[in-house]
Amino acid sequence: MSGSLRAALSRGPLITLTVFGAGAAARLVARPELALILAGVVLCVLPILVAMLITRTGPLALYACACGMLAAGWLAYAAAATAWTAIPVVALLLPAAAMTGLYPVVMRKQERAAEDARLALADAEAARERGKWPALLARIGHREVEYAGREPAVAGYQVHLRLPRSGKVTYQMLAACTERLEVAARLRRGSLRFERGDHAHRVILHVAERDMLARTVPLPAGHEPMSINRPVPLGIYQDGEVCAVTLREVATLIVGLRGSGKSNLLNVLIAQLARCRDVLIFAIDLKGGRMAAPWIAPWLAGQADKPVIDWLATDRQEAEIMLRALLCAVDARARSFSGGEKIVPSASQPAVLLVCDEVAVILGLGTGGPRHGDQEVSNATLAGLATRLVMTGRSEAIDLIMATQRGAVTMTGSADLKSQCALRIGLGVSSQADARLIIPDDVKIAAELAGLRHPGSGIVHQGGSGDKNGRALPVKFYRIEHDTIGEIAGRFGHLRPEPDPLLASALGYEYLTRWSRFYARGSRPAGTATVLASSLITPAVAAPTVRELTSGEHLDGASGARALTVAMLRSAGVKGMTIRGIAERLAGDGQEVARHTIVRWLTEEAALGRAEPASYGRWKWRADDDASVASG
């Protein structure tokens with residue numbers, strides 16, 4: 001049974017009984033004029049008005065008017081005669097039965113009329129939409145552009161357009177007049193964007209009805225593992241689609257002014273990489289490890305199996321050790337011919353990504369580095385190492401992610417290093433000139449980057465023309481709250497891979513003793529549990545004792561140079577010596593020793609409690625150890 005028939009069977013008798021009761025009541029009070037007034041106003045005029053207001057026009061309105069007129073006529077008859085005789089009753093029941101049976105038919109016609117009206121309205125709306133954008137384009141001087149369809153999008157919708165065969169209108173011409181079209185359409189700034197279609201004559205107009213860049217988009221709480229071989233999600237585009245970038249086999253340059261969201265983006269990158277089973281994360285953070293420390297704090301506190309950041313450098317000396325070790329790893333993987341043409345990262349042979357915050361401090365020209373002759377590591381040295389690493393590390397799955405405040409060569413170390421960064425992410429810039437330092441080949445994209453107003457938004461430019469799909473759109477990067485970093489680091493600590501044997505061997509002793517040096521420099525974040533440095537290292541060879549080094553034994557080769565190093569430190573007293581000073585003294589005695597080897601010796605002595613780092617890059621011998629040797 002249809003719904004309209006059920007409604008007719010339930011309402012028809014009730015309405016009939018109500019009309020009969022009204023006629024009988026009017027007859028009982030002997031006031032026929034009241035019945036006529038009731039019939040005319042309530043049962044005739046009122047249903048007609050209600051029908052006109054609710055249904056406007058159509059079969060249901062006519063049906064309601066007919067019912068009202070029949071009820072009013074019967075009431076007039078009953079008031080003049082009587083409602084209790086057979087003739088008035090039959091005169092009421094027969095029309096009521098007919099109108100009840102007619103109700104489903106009327107409703108079907110009404111529904112068809114309503115559907116036809118809806119379709120007509122939709123056709124009219126579609127016709128207005130088809131003509132809206134071509135008319136607006138014609139208004140600003142681009143005629144004969146045709147409407148080709150519309151698709152919904154997360155932030156609004158997309159309009160497909162066809163350019164005229166005459167070639168009078170091109171994509172470049174439309175893209176250049178985006179702001180004029182926004183003015184003509186009375187839309188907010190940045191709500192329109194043109195994109196090339198699959199053919200030269202096809203253009204897609206993106207209409208953003210919601211400003212996605214003004215929103216805060218929290219980092220999704222993903223729990224499933226990821227892979228560096230797949231694009232890594234970083235945020236959402238202006239049109240609401242997810243922005244995912246390829247970090248494998250590509251060097252990355254992130255540029256943004258203070259407060260533009262650069263540190264947040266680095267943390268988002270690390271959070272997503274922490275979910276990858278096939279990548280080791282190294283970091284250089286010369287701001288005392290402020291950005292990187294929360295990622296290793298759960299491990300230092302014993303709350304995670306492994307640290308998310310596998311090697312952290314918080315000073316220039318450690319940065320040099322790390323870069324040289326990575327270059328050795330690149331060379332070892334290249335000589336092994338592992339993976340054929342290139343290494344495909346896996347859990348058993350992971351990639352290595354070096355995240356470097358504020359590279360201008362360690363790589364820039366005139367922005368940091370040694371200012372005195374006894375300082376051991378210069379910006380030029382570190383920039384040269386980083387450039388070699390970027391140039392040679394791609395096929396060996398070893399790459400850099402660098403962040404700085406400007407894209408100028410003086411801030412990135414060298415033009416060679418900057419040119420190797422195929423993935424460029426621009427956040428806030430102060431001018432279009434600064435934007436063109438990041439994206440030099442597209443003036444329009446640079447202008448769009450300079451016009452971004454919301455912190456945490458930027459443009460991803462990969463492979464020369466946007467992201468992996470060739471799009472260079474504004475992106476709202478995910479937001480990660482600082483308080484959640486520890487929870488994320490603890491959650492994914494068990495996913496962190498171990499370096500494969502070839503990589504571990506190439507990284508060498510410097511990699512094995514990285515955490516002992518971290519502790520020797522007093523870099524342990526506050527609030528973490530105390531972990532003995534001796535439990536964090538696995539020495540490749542046992543270090544000689546002080547008595548062996550000072551008694552004249554093993555003075556040949558490396559042991560002799562090491563003994564001279566210890567002797568020089570002991571004689572220097574509390575003033576100590578720099579790595580450069582030690583190397584120059586050894587060279588004067590005919591012992592050519594690499595600086596990282598001297599660093600390794602001193603780190604071993606520090607782990608054994610005999611030497612310690614001092615201020616301004618110096619090392620000194622512990623006086624209490626001299627006393628213990630003398631007493632022995």
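This report walks through the confidence, sheet, cores and salt bridges of one protein model.

**Confidence**

The model is predicted. Its average pLDDT is 78, and 79% of the residues score at least 70. Among the elements, strand β8 (residues 279-285) has the highest mean pLDDT, 94. Helix α19 (residues 546-550) has the lowest, 34. Two stretches deserve a note. Residues 465-470 have a pLDDT below 50, and beyond near neighbours in sequence this stretch has 12 contacts in the model. Residues 626-632 also fall below 50, with five such contacts. Where pLDDT is low, the predicted coordinates should not be read in detail.

**The sheet**

In what order do the strands of the open sheet run? The order is β6-β5-β14-β13-β12-β7-β11-β10-β8-β9. That makes 10 strands, with mixed pairing. The edges are β6 (242-245) and β9 (309-313), each of which pairs on one side only. From one strand to the next, the twist averages 30°.

On one side, β11 pairs with strand β7 (residues 252-255) in the parallel sense, over four bridges. Within that pairing, Val 255 has Thr 404 as its bridge partner. Strand β10 also pairs with β11 in the parallel sense, over five bridges. There, Val 352 is partnered with Ile 398 of β11.

Is β11 mostly covered or mostly open? It is mostly covered, as seven of its seven residues are buried. Ile 398, Leu 400, Met 402 and Thr 404 point one way. Asp 399, Ile 401 and Ala 403 point the other way. In a regular strand the side chains alternate between the two faces of the sheet.

Helix α7 (residues 262-273) lies across several strands, including β5 (232-237), β7, β10 (351-357), β12 (423-426) and β14 (474-477). It lies across β11 too, running at about 155° to that strand.

**The nonpolar cores**

The largest nonpolar core has 66 residues. Those with the most contacts inside it are Phe 282, Ile 284, Leu 326, Leu 354, Leu 363, Leu 389 and Met 402. Helix α9 (residues 316-336) gives the largest share of this core, 10 residues. Apart from this core lies another, of 61 residues, among them Val 245, Ala 271, Ala 283 and Trp 299. In soluble globular proteins, nonpolar side chains tend to be buried together.

What does Ile 284 touch, leaving aside its neighbours within four places in sequence? Its contacts include Ala 313, Ala 319, Met 322 and Leu 323. Leu 354, Val 355, Cys 356, Asp 357 and Ile 362 are also in contact with Ile 284.

**Salt bridges**

The count comes to 25 salt bridges. Three of them are set out here.

| Pair | N to O distance |
|---|---|
| Glu 125 and Arg 128 | 2.4 Å |
| Asp 331 and Arg 335 | 2.8 Å |
| Asp 357 and Lys 287 | 3.4 Å |

Glu 125 and Arg 128 sit three residues apart in helix α4 (residues 86-139), so about one helical turn separates them. Glu 125 counts as partly exposed because its relative accessibility is 42%. Arg 128 is partly exposed as well, with a relative accessible area of 48%.

Asp 331 and Arg 335 both lie in helix α9. They are four residues apart, about one turn of the helix. Asp 331 has 37% relative accessibility, so this residue counts as partly exposed. Arg 335 reaches 61% and therefore counts as exposed.

The pair of Asp 357 and Lys 287 links distant parts of the chain, 70 residues apart. Asp 357 belongs to strand β10, while Lys 287 is in the loop between β8 and α8 (293-300). Why does Asp 357 count as buried? Its relative accessibility is 3%, and buried means under 20%. Lys 287, in turn, has a relative accessible area of 42% and is partly exposed.

Some salt bridges share partners. These join Arg 562, Arg 600, Glu 604, Glu 605 and Arg 610 into one network.

Terms used: Residues numbered from 1 in each chain as written. Predicted model: local features only at pLDDT ≥ 70, side-chain atom pairs only at ≥ 80, totals over all residues. Heavy atoms only, no water. Core = buried A, V, L, I, M, F, W, Y, C linked by side-chain atoms within 4.5 Å. Buried < 20%, exposed > 50% of the residue type's maximum accessible area, 1.4 Å probe, protein only. Helix = DSSP H or I, 4+ residues; strand = E, 2+ residues; numbered from the N terminus. Contact = heavy atoms within 4.5 Å. pLDDT = per-residue confidence, 0-100. Pairing = 2+ DSSP bridges. Axes fitted to C-alpha atoms, helices over the stretch in contact; angles between N-to-C directions. Salt bridge = Lys/Arg side-chain N within 4 Å of Asp/Glu carboxyl O.
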